[in-house]
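Here is my note for your first look at this structure. Keep the 3D view open and follow the points in order.

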Amino acid sequence: MLLLRRCRRLTAGLSPAQAQRARPAASPAPSWCGVGGGSRSSSGGGGEDGQTSQDPRWRPALAGLLAGTGAVLAYGLHHHKAERSASPMEPASPMEPALPVFSQAEVSKHGSLEAGVWVTFRGGVYDITDFVAMHPGGDKILLAAGGALEPFWALYAVHSQDHVLDILSEYKVGELDPEDQARQRAVEPSDPYSGDPQRHPALRVNSAKPFNAEPPPALLGDSYITPSAIFFKRNHLPVPRVDPASYRLRVEGLPRPLSLSLADLKSRFPKHTVTATLQCAGNRRSEMNAVKQVKGLNWGIAAISNATWSGALLRDVLREGGWGPEAAAAAGGGGARHVQFEGLDADASGTTYGASIPLNKALSEEGDVLLAYQMNGEDLPADHGYPLRVVVPGTVGARNVKWLGTVTVSREESASHWQQNDYKGFSPGTDWDTVDFRSAPAIQELPVQSAITQPADGAVLERDADGGVTVRGYAWSGGGRAVVRVDVSLDGGKTWQVARLREGEGDGEGEEEQGEATPPPPPPPLPGRAWAWKLWEVVAPLPPGEQQVEIVCKAVDDSYNMQPDSVAPIWNLRGVLSNAWHRVRVTVRED
């Protein structure tokens, strides 16, 4: 188990001059630090100076705030409220001298337990080193280390409360140089990416321009619905600035071509909502790179996310333009077979992103293809296609075109590079000298997939009294095929256990601990319409006596498609369709 770290002075890591400014004689160190005006008892009780706000039970409360651990937060706040109600009014403290000013560069040096964990919040600098070791979600706190706290707190509504600031204020060690924020926002106006939105700092950036990033697996597995801020970002070109007031969607290739405003889409067509997982074709490409170098962004396991999308059904819009059963019959066997999508994102030459899907997917009553204007109940974020995108459930992310400008019913696939000369799978024996992109179909539905989000590869685990470990992850299959089973092994695939599947937001664990009623699990999706992933969990015994353990997972869908056991046989020059058994290797440390 983790040991509590020795308390560090607030001035740890400062230069001598800074340390002198930070240690005024009139301002003793907080009692929990064990120096200055007070100390803890040797038994680990509260501080001896009567300040209940310094009680060690505050630490799990603030720990919960930093990582959004609701049960820990509720426990800490409940005890603090009770203790303050029973305590006499505390005397007003004397005015404290001004705190030192730190640059962002200085704060960034404190980004680990070894160097100290500092964060910034609303212009202040805070040293949160001492409670990280006992934090149940310490790995998530460390994501903010050396940087700003606001983007992490924004993921959890519980932080928007006044008493949160009171708690945090006790860990303040300085002020952030105000010039740093202005300097960070300064962008060259000639940069074609200067209009790109700000992104969450937890994202692991694979490419800055264009922006491509994935969330840390620990955050990805936290929620059945992925918060929009950490939903993986896959951009091919600069993010366009689109005025919603003048926006028009052109729909062509119909008996009656359409030009629709955003208001038209919202008022003339019924609003349809679907929860669907999107996955990049290159998800888990890094595992193919480990076998043999491929061309493409080095995605880990988190180029996949799950959201609730709302908008007009594409089939309703096509019918509005006259594409009904009669028009389809009149087209005959040689007629339209595809629906092309063209985005408003363009390169310097004016070339826009494009893709297409089969027409029968777009017209199917069970296809659920959306012209989406909302994500997770709000307007689409800029990175996810504002003001309109197409969402094609069960289909590779590359066909879910963002910033949608034109829809065309056609007898041909999109002529876009990304439809014709990319996002296709090939034999492991095909190389860039022999590849013929015309010989392979464009990827539409993706194969069955699963991955382990906890523990992380390379983690050091403590063997508890029961000798077990909790393993969590996600599983999904394309084409609306439901995942029916996830098998997990703790001995490299020799023996297996079946994980518990989580069908939706309401059937996880922990709701009752937060004082909330646990809603019943949602009904299972209709056959062929399982668009959303399943999160899974298993508590399994660690192999006795083993210090190096390989944990493996594999998923099975309702067509009994299974993941292959290794990467090499599915390797391809673009590193797409990577869905071999996922493996993490951990070290087991005896308690």
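Which residue in β25 does R472 stand opposite?

1. R472 stands opposite E537 in β25. This model is predicted: local features need pLDDT of at least 70, side-chain atom pairs count only at pLDDT 80 or more, and totals for chains, interfaces and linings use all residues. Residues are numbered from 1 along each chain as its sequence is written, and side-chain values use heavy atoms, with hydrogens and water left out.

2. Stay with strand β25, residues 534-541. Helices (H or I, at least four residues) and strands (E, at least two) are DSSP runs, numbered from the N terminus. Strand β21 (residues 468-476) pairs with β25 in the antiparallel sense over 8 bridges. Pairing requires that DSSP finds at least two bridges between the strands. Strand β24 (residues 500-502) also pairs with β25 in the antiparallel sense, over 3 bridges. There, L501 has W536 as its bridge partner.

3. β25 is mostly covered, with 6 of its 8 residues buried. Buried means under 20% relative accessible area, exposed over 50%, and partly exposed in between (1.4 Å probe, protein chains only).

4. Now the cores. A nonpolar core is a set of buried Ala, Val, Leu, Ile, Met, Phe, Trp, Tyr and Cys residues joined through side-chain atoms within 4.5 Å. The largest one has 53 residues, and L318 and L404 have the most contacts inside it. Contact means heavy atoms within 4.5 Å. Leaving out residues up to four places away in sequence, L404 touches residues including Y247, F341, L371 and V390. A second, separate core has 24 residues, among them V448, I452, V486 and V538.

5. Look at the rings next. The structure holds 9 aromatic pairs. Rings of Phe, Tyr and Trp (its six-membered ring) pair if their centres lie within 6.5 Å; planes under 30 degrees apart count as stacked, over 60 as edge-to-face and the rest as tilted. The F232 and W299 rings have centres 6.3 Å apart and planes at 85°, so this pair is edge-to-face. Both F232 and W299 are buried. For Y353 and W418, the centres are 4.7 Å apart and the planes are at 40°, so that pair is tilted. Y353 lies in strand β14 and W418 in helix α16, so the pair ties together parts 65 residues apart in sequence.

6. Last, check two lysines. The charged end of K266 sits over the ring of Y373, 5.3 Å from its centre. K554 has its charged end over the ring of W496, 4.7 Å from the centre. The test is NZ of Lys or CZ of Arg within 6 Å of the ring centre and within 35 degrees of the ring normal.
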